Amino acid sequence: MSKWDIRFLKLAREVSTWSKDRSTQVGAVIVGEDRTPGPYGYNGFPRFIDDEKEDRHARPSKYDWTEHAERNAIYNAARMGVALKGGTMYVTHVPCADCARAIIQVGLNRVVADAASMGGDFAERWSEAAQITREMLAEADIPLDLIEVVEEEDA
């Protein structure tokens, strides 16, 4: 763990606050090999889709309407023409298997997730997916580092 890991996880936390998800706000920031922060994403509805309709926020239908932060960051990179190969993704929660596949396919070298995501309701709902993610990333030789961020820490 470095001061940069903490800084970029804090940035991902800030990005997560932009999500309108009513239960779990997730943020992701992709950082280049030279520590230049690049594309970011948060979980939410696609562009131009009305996120004020109540029925779209209820489980399980919300999963059909919501894009995950990790893939939103990857899509934002594509929109901007930014190559991701060799970069690191900082994310507030351990990615699901769908997002892990995307991370592998675009050539990211490392994933850093907030260790706090491995507790509570989120961990209960996503534990099976997190296990698949761990296995998939390990097989692709992409480290998944869980880092505890202490808010008082002056990084």
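Are D21 and K62 buried or exposed? Both D21 and K62 are buried, where buried means under 20% relative accessible area, exposed means over 50%, and partly exposed covers the values in between (1.4 Å probe, protein chains only). The structure is a predicted model, in which local features need pLDDT of at least 70 and side-chain atom pairs count only at pLDDT 80 or more, while totals for chains, interfaces and linings use all residues. Residues are numbered from 1 along each chain as its sequence is written, and side-chain values use heavy atoms, with hydrogens and water left out.

The side chains of D21 and K62 meet in a salt bridge, with an N to O distance of 2.9 Å. A salt bridge is defined as a side-chain nitrogen of Lys or Arg within 4 Å of a carboxyl oxygen of Asp or Glu. D21 lies in the loop between helix 1 (3-16) and strand 1, and K62 lies in helix 2, so the pair ties together parts that are 41 residues apart in sequence. Helices (H or I, at least four residues) and strands (E, at least two) are DSSP runs, numbered from the N terminus.

The salt-bridge count comes to 9. Among them is the pair of R71 and E67, whose closest N and O atoms are 2.6 Å apart; both of these residues are buried. Another joins D145 to R110, with the closest N and O atoms 2.7 Å apart. Because D145 lies in strand 5 (residues 144-147) and R110 in strand 4 (residues 110-114), this pair ties together parts that are 35 residues apart in sequence. D145 is partly exposed, with a relative accessible area of 26%, and R110 is also partly exposed, at 21%. Salt bridges that share partners join D5, R110 and D145 into one network.

The structure contains an open sheet of 5 strands in the order 2-1-3-4-5, with mixed pairing. Two strands are taken to pair if DSSP finds at least two bridges between them. Strand 2 and strand 5 are the edge strands, each pairing on one side only. From one strand to the next, the twist averages 20°. Axes are lines fitted to C-alpha atoms, for helices over the stretch in contact, and angles run from 0 to 180 degrees between N-to-C directions.

Helix 1 packs on the sheet and touches strand 1, strand 2, strand 3, strand 4 and strand 5; its direction makes about 135° with that of strand 1. Contact here means heavy atoms within 4.5 Å. Helix 3 (residues 69-80) lies across strand 1, strand 2 and strand 3, and runs at about 130° to strand 2.

In strand 1 (residues 27-31), 5 of the 5 residues are buried, so this strand is largely enclosed by the rest of the structure. In a regular strand the side chains alternate between the two faces of the sheet. In strand 1, G27, V29 and V31 point one way, and A28 and I30 point the other way. Strand 1 and strand 2 (residues 37-42) run antiparallel and are joined by 4 bridges, with Y42 of strand 2 as the bridge partner of G27. Strand 1 also pairs with strand 3 (residues 88-91) in the antiparallel sense, over 4 bridges, and V31 stands opposite T88. Strand 3 and strand 4, by contrast, pair in the parallel sense over 4 bridges, with Y90 opposite V112.

Most residues other than glycine have a negative phi, and most peptide bonds are trans. The hairpin of strand 1 and strand 2 has 5 residues between the strands, and R35 in this hairpin takes a positive phi near 70°. R35 is partly exposed, with a relative accessible area of 46%. Phi of F48 is likewise positive and near 70°; F48 lies in the loop between strand 2 and helix 2 and is exposed, at 83% relative accessibility. P60 also lies in the loop between strand 2 and helix 2 (62-65), and the peptide bond from R59 to P60 is cis, with omega near 0°.

The structure holds 0 disulfides, a disulfide being a pair of cysteine sulfur atoms within 2.5 Å. The sulfur of C96 has its closest cysteine sulfur in C99, at 3.7 Å, which is too far for a bond. C96 is buried at 8% relative accessibility, and C99 is buried at 0%.
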